[in-house]
There are 4 protein chains.
Amino acid sequence: MIAILKHGTTEAQQEHLIAWLRRMNVDVHISHGQEVTILGLIGDTSKVDMELLSSLEIVESVKRVSEPFKQVNRKFNPDDTVVAAGGVKIGGGHFAVIAGPCSVETEEQIIFCAQAVKDAGADILRGGAFKPRTSPYAFQGLKEDGIRLLLKAKEATGLPIITELMNIRDLELFAEVDIIQVGARNMQNFDLLRELGKTDKPILLKRGLANTLQELLMSAEYIMSSGNQQVILCERGIRTFETYTRNTLDLSAVPVLHELTHLPVVIDPSHATGKSRLVPPMAAAAVAAGADGIMVEVHNDPVHALCDGAQSLTPEQFAQLNQRIGKIREALQ
Amino acid sequence: MIAILKHGTTEAQQEHLIAWLRRMNVDVHISHGQEVTILGLIGDTSKVDMELLSSLEIVESVKRVSEPFKQVNRKFNPDDTVVAAGGVKIGGGHFAVIAGPCSVETEEQIIFCAQAVKDAGADILRGGAFKPRTSPYAFQGLKEDGIRLLLKAKEATGLPIITELMNIRDLELFAEVDIIQVGARNMQNFDLLRELGKTDKPILLKRGLANTLQELLMSAEYIMSSGNQQVILCERGIRTFETYTRNTLDLSAVPVLHELTHLPVVIDPSHATGKSRLVPPMAAAAVAAGADGIMVEVHNDPVHALCDGAQSLTPEQFAQLNQRIGKIREALQ
Amino acid sequence: MIAILKHGTTEAQQEHLIAWLRRMNVDVHISHGQEVTILGLIGDTSKVDMELLSSLEIVESVKRVSEPFKQVNRKFNPDDTVVAAGGVKIGGGHFAVIAGPCSVETEEQIIFCAQAVKDAGADILRGGAFKPRTSPYAFQGLKEDGIRLLLKAKEATGLPIITELMNIRDLELFAEVDIIQVGARNMQNFDLLRELGKTDKPILLKRGLANTLQELLMSAEYIMSSGNQQVILCERGIRTFETYTRNTLDLSAVPVLHELTHLPVVIDPSHATGKSRLVPPMAAAAVAAGADGIMVEVHNDPVHALCDGAQSLTPEQFAQLNQRIGKIREALQ
Amino acid sequence: MIAILKHGTTEAQQEHLIAWLRRMNVDVHISHGQEVTILGLIGDTSKVDMELLSSLEIVESVKRVSEPFKQVNRKFNPDDTVVAAGGVKIGGGHFAVIAGPCSVETEEQIIFCAQAVKDAGADILRGGAFKPRTSPYAFQGLKEDGIRLLLKAKEATGLPIITELMNIRDLELFAEVDIIQVGARNMQNFDLLRELGKTDKPILLKRGLANTLQELLMSAEYIMSSGNQQVILCERGIRTFETYTRNTLDLSAVPVLHELTHLPVVIDPSHATGKSRLVPPMAAAAVAAGADGIMVEVHNDPVHALCDGAQSLTPEQFAQLNQRIGKIREALQ
């Protein structure tokens, strides 16, 4: 870490600051320039509060030379992490297709959907039981019953399941769930992350709507530093000024995250775009960019087509997409 | 609520949709135009999932005529809510100044700060005990001990206290706390909001970094619809492309929120700007815009000035600011 | 266009408004609901100023049913536009690779680069002669000389050339240029667009850093409505809060623009990401998303490697990327 | 300027880079740390292309110690610039109120408006003659005739006038105009800025929708470095994710710009918020934040109230606002 001191800083102030830094077991290398003085902080700087340091009156700016994340950092763990869930592998060359309806509604619906996505080539079944909703008056999911129905669909099809947990209090309901999803709104619910870090379940961590990639990695660090190494990162669109798509899918996240971390990266084009007709091209693009998996919404068209969202694919569209993805993956070998 | 149907929608599809809407006890008024058919939804449309409706294949777009929030809505509650906490009132003409250090550090520090801000005109003492931090390795606050020290400062000065709660599990520690703060990262932690709605404590709800004002109001609705009417809204900067300030203070939030809701609105210029020299002008601007209070960081300069952030005012600067605010408030009478 | 009137609008106000609309030759269909009155505007509403209409005191909101753009609109021109420039076609199944250095520097450099990108499979040579720079003190390009050198490179290699025009005054210098580029900062320089609409040159129009896709289409409409049908749209990243990449590449622009317009869509991953190692994955993703071309920076490594930006590929990296793109295009057939 | 080199940079690469920097007459001070090597660039670094430097393969990052702007920089010109236009002064303690209709429509209208705003306390008359419009089909202003009518209003009332210039070709029409406005979309039309820098007219430069404050200052530097010292900066809202207001007024711009530059800063709350009822509180806030002036839209209510936008104040509302502003200014003395 490098701290650039302001012009005019007194020697007493500098010594004061250096003493403070050394108390945190950081070694300080001083370089006096003509216009500025630069402090090089050497050693374990993870305890130095960068924001606090840079806000000091005498500090012009602070620059990290090494990243603030460690366990998620590819520099320290060069090999790709392969997350295994119910017999399916993600990362390190293993590509996984996660598919299913937005919400679990009925036993008939979820079993129908599970079978349909399995037949069309999905590896893992998704379905919401606990639903974070902007309005307290909107449908909040079937909760416990939703989990129960997902487990029936798992039993019926053999597909591993992923579903979102919103409250650590509900953890025991997730005993048979294969991957626990942390939603975008909870990406910085640090207590939740720490508790999930104490479990042995794979965690799919969604990027928050307005969070940087570094913040996503810091949140993954919360899980890993608590003991759980099975983390999957998921980009699902960020909030920008563009309103034609629900969010803006930041696909550069794939190569950037692959560079910075060894964790697998999955793309969710359904939530990012909010429009089913944009899902196949963006899923194909995700594969070409090097994603380790995609997560798409597929609905149970025949049952009650009317009420299914335009962001969901039909099973037929999903099967076509899978073929397309297979071809792109072959081309990229 | 108005739903505009796409050109080419069949009559069967329309009837299907109308039947579905009527099952939710919504009356539907149909208007056939030349190019489009418009459905007017009449009655209690709060159960209609607007996002789902607008994503249907046959729906061009959906437009709310009435807001999705009720209890926070000024239309239904025209009189300003006055929140009372430890003898201090906020809203409805009552202006409150909340001040104190970023974090509680030691007994000496927090009592010194409390006395200093009281002498300089503060009405309420702030101080962080549980600190949400991007990095798992950063200081996370004194937690229980921090609350204990805040209560000592309250006892010593008589100032009511406000501090952040991150996990509902810690609620009982807040029994003597006067106002519970929900931080920006937890604005859409819906389970937390609902639980706080069951308490009788005033809640200060901070706007999330990338949340719209409508989403802020929907989160307040979660608290109010669970039974707690004592909600204070707080704007503390949103995330934009501008990097000179830490965030961009959206001061228009003051008149907009006053128009839409009866709840008091407080501005936090310290976190919004991240620079102490910008705090006085933005605090003055907040008052001129009609805010019901401000929340500013004031540090204990004499004790260890070096380590206090540049976003904090000294007690002297804070006292000057309070005088300035008093003059502006008089001028606006 | 649909205008929703506010509750409580008087009949006189409504008549006043309707009369005003009819004076613009728009027919108005009125629908009185219980809570709102809706006006359906029928006929050519392109002259109705939507922003003005929606800002009227009695108007709750306005909703376009049809898009405000006409000549660029795929609804009115369903067939893909194929732009031809110097023997190269773009759009309608024709894929073009545009490559070259950021700036033209010397004759030796641009001819070396032109030959290198041609050998590696480029269809069109890019190179900046007039450079828009944030600072008045930064290098602004070789200007006239730059164009002259580009023409020498064109002569030497046979590659058509594209370069940016910043001022209509310089138009005659572009007589032999094959495609004129309008930079992101000039996307809403409406006078410039109109003047370029009077030429017979293909125009590559870059999306502004903070412009919506609809605004991009409206700017293309300026060119087309002035008489020039040869427009290529280019997405080159938008400004968001994420700072790891220079901008955020909005790749959803490809399928969205293909849906809304018949014009070809080209992606510039070099400027979007600002980092050469992110260019190949994002170029591959652009192809998979269905782009009609890519525009990438390739530098003249052997000559003065030091000063070439990290956003540029070497000729070798560019050749590899071209092979990869070829395979993806085959897979998508 | 400080350049941090990557770990593993060879000595040959360093020497290559240093030689390149010295060729630009920059002195280089080298500091070898344990993990990184830091180059301190000393002397006139304005010719060093920071973006290019930071994109070099061996450079980790570059940090400016001094700002890239000079003539606009308060460090080099500590005294406030006072811009004088038609007898009215702006800046250095002189506060100016600019008011008038969005567009000039008829002689009757503009003279009525001019008289009304003068009576209500305006110092300068605004009115659009050349109107930048997103759509080529929307009203583009009365152009030459608009300027002519503005001059009649100036003659009738004695108020100096400000109006927007979009194309340098039209400059001679502006001979009697007192202040030339550069609109947000032209903030980085560098050729236009340079040409205006050669005139002796005061220029009001609006911040672009997605431009940082530093970019605004660099654009002002274009004007000043071409010889024109009479520049007024104007914040008019930036583009964010919030949709309730048209744009988000970034009021922190006032104290930030006052810190960085000696140029006067004016706030336009009408365009920023897009809603007349938000204009008075935000104008008051601008004054409290220390702005040197405000620019507000006031319409000619009696003539054709219907068609005036809700972002405009009536003359009565404007008069009240002026009284309020006067009181706040007194309070802040």
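**Conventions**

I count residues from 1 along each chain as its sequence is written, and chains are lettered from A, with ligands numbered from 1, in the order in which they are written. Because the model is predicted, local features need pLDDT of at least 70 and side-chain atom pairs count only at pLDDT 80 or more, while totals for chains, interfaces and linings use all residues.

**Entry 1: chains A and C**

I looked up how chain A relates to chain C.

I then listed the contact (C-beta atoms, placed from the backbone, within 7 Å). Chain A puts in 33 residues and chain C puts in 33 residues. On the chain A side, α6 (213-225), α7 (253-260), α9 (279-289) and α11 (315-332) each give two or more residues; helices here are DSSP runs of H or I, at least four residues, and strands are runs of E, at least two, numbered from the N terminus. The element that gives the most is α9(A), with seven residues. By class, I noted 20 nonpolar, nine polar and four charged residues on the side of chain A that touches chain C (Ala, Val, Leu, Ile, Met, Phe, Trp, Tyr, Cys and Pro are nonpolar, Asp, Glu, Lys and Arg charged, and the others, Gly among them, polar). The copies meet through the same surface, because 100% of the interface residues of chain A are also interface residues in chain C.

**Entry 2: the α9 pair**

I looked up α9(A) against α9 (residues 279-289) of chain C. The axes are 7 Å apart and the angle is about 150° (axes are lines fitted to C-alpha atoms over the stretch in contact, with angles from 0 to 180 degrees between N-to-C directions). The two helices are therefore roughly antiparallel, a label for angles over 145 degrees. Residues of α9(A) in the contact include A:P281, A:M282 and A:A285, and those of α9(C) include C:P281, C:M282 and C:A285. I count the classes of this contact as 14 nonpolar, no polar and no charged.

**Entry 3: chains D and C**

This contact takes 40 residues from chain D and 39 residues from chain C. In chain D, α1 (11-22), α5 (190-196) and α6 (213-225) each supply at least two residues to the side that touches chain C. I found that α6(D) gives the most, with five residues. The classes on that side of chain D are 19 nonpolar, 13 polar and eight charged.

**Entry 4: single residues**

I placed B:N211 in the loop between β11 (203-206) and α6 (213-225) of chain B. B:N211 counts as buried because it has 25 C-beta neighbours inside 10 Å (20 or more is buried, 12 or fewer exposed, in between partly exposed; C-beta atoms are placed from the backbone). Beyond its neighbours within four places in sequence, B:N211 touches B:M187 and B:L216.

A:K143 sits in the loop between β8 (124-126) and α4 (144-157) of chain A. Its phi is near 55°, positive in a residue other than glycine. A:K143 has 15 C-beta neighbours inside 10 Å and so counts as partly exposed. I checked D:K143 too, and its phi is near 55°.

Conventions:
Two residues are in contact if their C-beta atoms, placed from the backbone, lie within 7 Å. Angles under 35 degrees count as roughly parallel, over 145 as roughly antiparallel, 65 to 115 as roughly perpendicular and the rest as oblique.
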